[in-house]
Amino acid sequence: MESATAVFAGTDLALFGAALLIWTGARALHRAPVAHGVSPVASTALTTLFGVVFLGLGVWAFTQV
């Protein structure tokens, strides 16, 4: 039962992290704001950081299976 939970959590975290990185890359490529009312450099850097963290947590959860 614990392996099913780890697979579910790993899938969710990895998909969210990957989607966040793709979305941030697309916004930066088109020079569109990542977050309104925030510094473009800070919002891009912070969103990229969180995308990498979530992707890393997803990979870590897969190693717990």
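The protein exposes about 4600 Å², and carbon and sulfur atoms supply 75% of that area; accessible areas here come from the Shrake-Rupley method with a 1.4 Å probe, and for residues only the protein chains shown count as cover. What we are looking at is a predicted model, in which local features need pLDDT of at least 70 and side-chain atom pairs count only at pLDDT 80 or more, while totals for chains, interfaces and linings use all residues. Residues are numbered from 1 along each chain as its sequence is written, and side-chain values use heavy atoms, with hydrogens and water left out.

Let me stay with the surface for a moment. L46, L49, F50, V53, L57 and W60 form a nonpolar patch with about 580 Å² of accessible area together. Patches are made of residues with over 30% relative accessible area and no salt bridge, like charges being joined within 9 Å and nonpolar side chains (Val, Leu, Ile, Met, Phe, Trp, Tyr) within 5 Å. A salt bridge, in turn, is a side-chain nitrogen of Lys or Arg within 4 Å of a carboxyl oxygen of Asp or Glu. L49, in helix 2 (residues 40–63), is partly exposed at 46% relative accessibility. F50 also lies in helix 2 and is partly exposed, with a relative accessible area of 42%. The terms are set as follows: buried means under 20% relative accessible area, exposed over 50%, and partly exposed in between, with a 1.4 Å probe and protein chains only.

I turn to the overall architecture. The protein has two helices and zero strands; helices (H or I, at least four residues) and strands (E, at least two) are DSSP runs, numbered from the N terminus. Its radius of gyration is 14 Å, well over the 11 Å that the globule rule gives for 65 residues, so the protein is more spread out than a compact globule. That radius is taken over C-alpha atoms, and the rule is 2.2 Å times the number of residues to the power 0.38. Along its principal axes, the C-alpha trace spans about 45 × 15 × 15 Å.

Now the helices themselves. For helix 1 (residues 2–29), 28 residues at 1.5 Å each should span 40 Å, which agrees with the 40 Å between its end C-alpha atoms. The expected span is 1.5 Å times one less than the number of residues. Helix 1 is followed by R31, whose phi is positive, near 55°. Helix 2, with 24 residues, reaches 35 Å from its first C-alpha to its last, close to the expected 34 Å.

How do the two helices meet? The buried residues of helix 2 pack against helix 1; they are S43, T47, G51, G58 and A61. In helix 1, A6, G10, A14, G17, L20 and T24 are buried, and their cover includes helix 2. Overall, 18% of the 65 residues count as buried.

T47 illustrates this packing. It is buried, with a relative accessible area of 16%, and, leaving aside neighbours within four places in sequence, T47 is in contact (heavy atoms within 4.5 Å) with L20, W23, T24 and V34. Among contacts with a separation of 6 or more, residues 24 or more positions apart account for 76%.

Finally, two distances between C-alpha atoms. F50 and F16, 34 residues apart in sequence, are 10.0 Å apart in space. S3 and A42, 39 residues apart along the chain, are separated by 37 Å.
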